[in-house]
Every structure is written in C-alpha cells, then in structure tokens.
Amino acid sequence: MNPGGSPRIFVSAGEPSGDVHAAHVVRALLRRWPGAVIDAFGGPAIAAAGATVRFPMERYTVIGFFEVLAKIPAHLRLLRELTRDFRAGRYDLVIPVDYPGFNIRLSEAAKHAGARSLYYIAPQLWAWRPGRARRFAAAVNGVAVILPFEPEFFGKVGVPVRFVGHPLVEQARPDRAAARRALGLGAEERAVAVFPGSRGQEVSRLWPLFRETTTRLKSGGAITRVLVAGTAHHEYPESGDAVIVRGDPAMVLAAADAALVKSGTTTLEAALADTPMVVSYRVHPITAAIARRVMTVQWISLVNLVAGRAVVPELVQDQATPQALAAAVAPLLERGGPSASEQRAGLALVRERLGAPGAAERVVDMAEAVLAA
C-alpha cells in the first residue's frame, strides 16, 4: 500500500477491446480508492480513465502473423521489466484484462514474485484447452468472469471465481428508427447486416461468401439493402450498392432486420440489439481439422453457449455456402414471422443470463477481497 493506505495496482490490457473494458475498472478502482496508484499496459481509454500508461499498447499490438512474430521480443522485454517490478514489491495487485497470450504469463510472473493477481475476462480455456485450467488457476488469486457458465468450469480447478456480468450490457444502443434514418433506410425496406470480421484472414475468407449470400437474398426479393460493418483498414471488393459502415457497428445492428455474422463477441452484440442472426465461419481446412479434435464445446457461437441450446443457426466450413446461408437468413427477415419470433425468445434468455450492469464495480469488490486475503 502507498503511504495513504491506498493500493498500488498494475492493470494490463494490451489491445483495444481490453483497453475499453479495463478503463471501466480503473474508474471503479479510483471511486473506491481515490488515492490509489494505478499504472498500466494499455491505451487511450485506460489513460482517460485515470491510469498512468507506463507501456503504451500501440507499441506492441499489431495485425498479421509475421508482424506478431516481430513483436515477441518486445513482449518478452516487457515481461522481464514487470517481473523486476513485482519482485521489488512495486505493486500490491495485478489485474490482467483478457489478452491471454501475454497476460497468462504476466500472472505467472506475478505469482512467482509474490504479487497478487485478479484476472478479468478469463481465457476461454473451456473451449479447447481445459487441461491448462489448473496451470492458469495456480497463477491467479481470483478470476472475474463475464460468461455465466464459466464459474462452474473455473470453480472445478479451485480458483476463487465470480460471474460479474458482461460489460457489453452497459453499452448504449441506438434507437432502431433513428439508426435506420441515419443509414438512409426507408420505412418499408428490409436490410440485412453483414459482419465479416475484423482480422485480415477473416475478411478475405468471409467477405466473398457473405457478399454472394446477400446477392442471392437481394435477387430473390428478400432484402432491399445490405449494411456491412466494415473496419478502417479493410476493403470490400465488388460491394455494389452495399452500405459500408466503418463507424459504430451498433448502428448497423439496430437498423437491420436480420444479421449474418462471424462467430465471436458480435453474436452477443446482436443478441443485445435483439437482432435475429445466422452465425458462420470459415478457416483453412487444416485449421478446421485441428479445431474439431481439440474443441470441447458443442457450439461455436457465444449466444448458443450462453443459452445452453441452439438459439441461432451455425453454418461453418463446408456447410457455409451462399445457398445455405441465404436460406437460413431469409425467414428471419420477417420481423413478426415464426422464425424471427422464436429466435428472439432465445435472445431474450441470453440477455437475461448476461447479467446486470455494474461489472466493473463487482471486479473491484473482488480486488478488495484479494487484497484483504
């Protein structure tokens, strides 16, 4: 503790989404302990929240396989420097946020140096690496998880765990009518939202597939507009009259009648927007073969995993053809139709299970307990 009795905390985010989630925790920490010293490996969000960013994540975060390889030495140097800090007793608590490739090693370094750690947004070991859960549990003093089925998994390996709720539930969402006006949609138009991913390989594999799917939907009269959730650094060739929205993806989900999305957090964002969806994904065939051997879950979408049943259709690899995807999306475009209504009932269950607002405050409750233990 510092001379005022407030804790000295290091928060490690390392990439943009973690930076945003960590920022909410930093604000909650400073509300609890106004005199706390909070240093960080993070970005602009965590800095704006009041932390001192010792290590700007922009120096370490890159996109692309070879670019990642080039940054490994920098991450190792960062780990060594922080290990020296932990051994010197510079921090009372370490809070790693997501970013498991680095943060699991950071937790282990803290543990070996005698520092306490509370991991927020746990690695998804339940999906393909359950055997590593005990090693992870041995490295941390607590885990604040954001998916409702995770406490059972991590509890089995003896780590203190609490479901704190999903931080996405606290994000403001646009009004549907306002979003449609902003994107130029008429009252009678039907629009499908397309989310082909944010990584280069995702976009290169999924965009042609999703584009052909929307072409089929449009030529068949099922839709009049296509809304693409784009990124600042990708192109979407042969997009025709599709609207490429490079801003807030929440606008796209609010305006659309249904969505075609890649697996990942986007499925939860669609559920929170109450937008019916079809989930799809494609990877290299060798990657898919390996995934089938190591995955331990029944579904790939977080929506189905949270619900514990098949709420949304999942079409992956060879199942993911333009014909099959178009056939799965088409019934969901009828807002009052049976397919859309049935799925929305499942999405309501998912929203309920994602918890109430206040995740950051509950993380701080856990941090206080770890410090007091």
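## Nonpolar cores

The largest nonpolar core has 86 residues, and the members that touch the most others are Val11, Leu29, Tyr120, Phe154, Leu268, Met277 and Val303. The model described here is predicted. Helix H16, residues 359-372, supplies the most to this core, with eight residues. Apart from this core lies another, of 25 residues, including Val192, Tyr236, Ala258 and Ala328.

Val303 can be followed in detail. Leaving aside residues up to four places away in sequence, Val303 touches Thr267, Leu268, Ala271, Met277, Val311, Val312, Leu347 and Val350.

## Helix H16

H16 has 14 residues. From the first C-alpha to the last, H16 reaches 20 Å, close to the 20 Å expected at 1.5 Å a residue.

The buried residues of H16 are Ala359, Ala360, Arg362, Val363, Val364, Met366, Ala367, Val370 and Leu371.

## The six-stranded sheet

Six strands form an open sheet in the order S10-S9-S8-S11-S12-S13, and their pairing is parallel. Strand S10 (243-245) and strand S13 (314-316) are at the edges, each pairing on one side only. On average, neighbouring strands of this sheet are turned by 20° against each other, direction ignored.

Within the sheet, strand S11 (residues 258-262) pairs with strand S12 (residues 277-281) over four bridges, in the parallel sense. For Lys262, the bridge partner in S12 is Ser280.

## Aromatic pairs

Across the whole structure, a search finds ten aromatic pairs. One of them joins Phe10 and Phe55 in an edge-to-face arrangement, with 6.2 Å centre to centre and 65° between the planes. Because Phe10 lies in strand S1 (residues 8-12) and Phe55 in strand S3 (residues 52-56), this pair ties together parts that are 45 residues apart in sequence. Phe10 and Phe55 are buried. Together with Phe86 and Tyr91, Phe10 and Phe55 form one aromatic cluster.

Phe41 and Tyr99 also form an edge-to-face pair, at 6.0 Å centre to centre and 65° between the planes. Phe41 is in strand S2 (residues 37-42) and Tyr99 is in the loop between S4 and helix H4 (100-112), so the pair ties together parts that are 58 residues apart in sequence. Phe41 and Tyr99 are both buried.

Definitions and conventions: Residues numbered from 1 in each chain as written. Predicted model: local features only at pLDDT ≥ 70, side-chain atom pairs only at ≥ 80, totals over all residues. Heavy atoms only, no water. Pairing = 2+ DSSP bridges. Helix = DSSP H or I, 4+ residues; strand = E, 2+ residues; numbered from the N terminus. Axes fitted to C-alpha atoms, helices over the stretch in contact; angles between N-to-C directions. Core = buried A, V, L, I, M, F, W, Y, C linked by side-chain atoms within 4.5 Å. Buried < 20%, exposed > 50% of the residue type's maximum accessible area, 1.4 Å probe, protein only. Contact = heavy atoms within 4.5 Å. Expected span 1.5 Å × (residues − 1). Phe/Tyr/Trp six-rings, centres within 6.5 Å; stacked < 30°, edge-to-face > 60°.
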